[in-house]
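This briefing is arranged by topic for reading alongside the sequence and the coordinates. Please keep both in view while going through the points.

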Amino acid sequence: MSVSVFFSNKNIQIVVGKCKGNSIYIDRLIESPMPENAILNGVVVEGGAEAISYKLKEMWQANKLKGDADLIINSPQFISNRIEMPVISAVNKVSEYVDKQTQSDEFARFTEPVKGWYLLSSDSKENKQYVVTEVAERKSVETYIKIFSAAGINLNSVHDGVSLATKMLAKCVKDQTAIYMILDAQMLVTILYENGKYYYNSTRRIFQQNGTSEFAAEIRSTISGIRQFAKSQHLESPITDVYVAGMDADDITMLQKYLSDTDHDLTVHGTAAPAHIHFKKWTDRFSSFIYPVAGLCIPQKGSTVLTSIKKTDEGYTRKRELFIKAIPLIILAGVLLLVTLFLAIVYWNSKQRLDEIESYNSNPEVIQAAMEYDKLVTESGIIGEKQGGTNNLQAALASYPIPDSSINEKILEAAKSENVNVEFSTYDSYSGIFAITASAYEVESINKFIAKLLAMDIFEDVDYTGYEWNDTDGTWSINVTCILSAGDAEEGK
């Protein structure tokens with residue numbers, strides 16, 4: 001629920017309700033007289049702020065109200081206008097445009113103006129939007145802030161009541177070219193609609209007493225002035241209907257009779273709540289609560305005068321300066337945060353991987369397989385050592401000289417070619433020495449035989465001792481010692 005508060009010269013009005021879509025739902029209507037001499041012609045007089053704060057606090061407590069509030073006022077210190085501008089989506093750009101549009105002499109009387117705006121409607125096809133601008137005297141807005149603060153109430157926004165009511169009441173006149181008149185104490189607001197669309201509004205003070213013919217004449221004079229204005233603007237549709245609010249039934253009846261004698265083409269209507277406004281009760285009181293009811297539907301897109309004050313406030317400026325100075329630190333903090341996040345992700349991934357490895361290593365099946373692997377490696381080492389020894393033995397065996405028949409054949413073949421007779425004596429396997437006895441009729445034959453033995457690769461060395469003569473058969477003989485060469489290990493593999 002929202003709480004809309006309206007300050008008039010006569011009363012403080014509070015409406016509790018909500019705006020949902022195009023509908024307004026009213027939960028409570030509260031009204032109490034404004035403290036005497038607190039507000040004059042829409043301006044809070046000196047000493048009046050304290051009285052209004054006390055009254056507000058009293059009303060809040062008596063009615064058990066909670067939450068923040070939106071203030072609706074009609075004051076010469078708060079000027080609102082409707083402007084047409086190109087469609088601009090950025091709020092700060094619209095604020096710059098509004099600032100330029102509110103530089104005229106109309107606002108020169110403000111010593112320290114604060115500005116705000118809110119969006120009414122937009123037409124993207126025609127690239128235009130309608131915005132309500134609000135310009136106020138800073139001190140007057142600060143007074144309202146202090147009033148609510150002293151009452152313990154947070155003030156959300158301050159808005160002009162006429163502009164909000166203008167939008168809401170358009171649904172009452174529908175498509176007519178009509179005048180809507182709202183009387184609040186002695187202040188009369190007149191709104192002109194052309195074919196159901198807002199065209200113009202004015203505010204004037206009523207000096208005559210309600211219920212008198214002079215009062216009716218003053219109202220008629222205002223209507224006549226608006227009709228003359230419409231004629232000067234060349235409005236195509238004539239004004240045929242007048243709606244009045246803030247007047248009791250007797251005043252309306254007298255006004256109808258008065259105009260029937262002078263303006264036969266005008267029809268005067270009282271104000272009834274339109275179909276889109278829903279009351280729990282007090283439907284007949286809508287005429288007196290138009291401004292605070294309209295305050296329930298404050299457009300959300302815009303920038304209020306309160307926002308403007310906050311932006312120009314010294315505290316805000318200091319905060320802004322501190323924020324600007326803190327930007328490098330904020331950026332550094334952001335970078336450090338990113339680095340921290342990156343390291344955290346790396347740590348998390350590493351830890352997850354480590355957990356997976358530890359889980360894998362602690363798996364009984366993996367441990368059993370590792371033990372079997374270690375056993376196989378050990379056994380493989382033992383087998384390798386045995387295989388190495390076997391290979392060495394095989395090489396040694398392959399290199400060991402073997403006095404086989406081929407050696408005998410080569411010796412015999414060399415002896416035969418030189419007519420030398422050979423007798424094989426001994427073979428020492430440890431030293432590889434082969435002993436033979438060679439005999440021949442000629443010593444020269446024996447020498448040639450020994451030379452052939454020396455030329456053979458199968459012998460590492462050939463040694464022989466002195467010759468002997470044999471009387472028995474008339475031959476020379478000699479003892480020959482042959483040392484066999486080591487065999488080729490590669491060949492032995």
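## Structural briefing

The buried residues of helix H8 pack against strand E7 (78-85), strand E8 (113-123), strand E9 (128-137), helix H3 (138-150), strand E10 (155-160) and strand E17 (302-303). This is a predicted model, in which local features need pLDDT of at least 70 and side-chain atom pairs count only at pLDDT 80 or more, while totals for chains, interfaces and linings use all residues. Residues are numbered from 1 along each chain as its sequence is written, and side-chain values use heavy atoms, with hydrogens and water left out. Helices (H or I, at least four residues) and strands (E, at least two) are DSSP runs numbered from the N terminus; contact means heavy atoms within 4.5 Å.

- In H8 (residues 305-312), the buried residues (under 20% relative accessible area; exposed is over 50%, partly exposed in between, with a 1.4 Å probe and protein chains only) are Val305, Leu306, Ser308 and Ile309.
- These residues cover an arc of only 160° around the axis, which puts them on the same side of H8; the arc is that of the directions from the helix axis to the C-beta atoms.
- An α-helix has 3.6 residues a turn, so residues three or four places apart point the same way.
- Strand E10, one of the partners of H8, is mostly covered, with five of its six residues buried.
- E10 runs parallel to strand E6 (residues 69-73), to which five bridges join it; Leu71 stands opposite Val158 in E10.

**The five-stranded sheet**

- An open sheet of mixed pairing is formed by five strands in the order E13-E12-E11-E14-E15; two strands pair if DSSP finds at least two bridges between them.
- Strand E13 (197-205) and strand E15 (267-269) stand at the edges with a single partner strand each, so one side of each is left without a neighbour in the sheet.
- On average, neighbouring strands of this sheet are turned by 20° against each other, direction ignored.
- Strand E12 (residues 187-194) and E13 run antiparallel and are joined by eight bridges, and Leu188 stands opposite Arg204 in E13.
- Helix H4 (residues 161-173) lies across strand E11 (178-184), E12, E13 and strand E14 (241-245), at about 50° to E12. Axes are lines fitted to C-alpha atoms, for helices over the stretch in contact, and angles run from 0 to 180 degrees between N-to-C directions.
- Helix H5 (residues 213-232) also packs on the sheet, touching E11, E12, E13 and E14, and its direction makes about 140° with that of E13.

**Cysteines**

- How many disulfides does a search of the whole structure find? There is one, a disulfide being a pair of cysteine sulfur atoms within 2.5 Å.
- The disulfide is formed by Cys19 and Cys297, with sulfur atoms 2.2 Å apart. The torsion about its S-S bond is about 100°, so the disulfide is right-handed.
- Cys19 lies in strand E2 (residues 11-20) and Cys297 in the loop between helix H7 (290-294) and E17, so the pair ties together parts that are 278 residues apart in sequence.
- Cys19 is partly exposed at 32% relative accessibility, and Cys297 is partly exposed at 24%.
- The sulfur of Cys172 is too far for a bond, because the closest cysteine sulfur, in Cys297, is 13 Å away. Cys172 is buried at 15% relative accessibility.
- Cys482 is buried, with a relative accessible area of 0%.

**Helix pair H11 and H12**

- The axes of helix H11 (residues 405-417) and helix H12 (residues 443-455) come within 9 Å and cross at roughly 145°.
- This crossing of H11 and H12 is right-handed; a crossing is left-handed if the near helix is turned anticlockwise from the far one by less than a right angle, and right-handed if clockwise.
- At the contact, Ile411, Ala414, Ala415 and Ser417 in H11 meet Phe449, Lys452 and Leu453 in H12.

**Two individual residues**

- Ile290 is found in helix H7 and is buried, at 1% relative accessibility.
- Not counting residues up to four places away in sequence, Ile290 touches Ala165, Met168, Leu169, Tyr180, Ile182, Ala245 and Thr271.
- Leu40 lies in strand E4 (residues 39-40) and is exposed, with a relative accessible area of 54%.
- Apart from its neighbours within four places in sequence, Leu40 is in contact with Asn9 and Val45.
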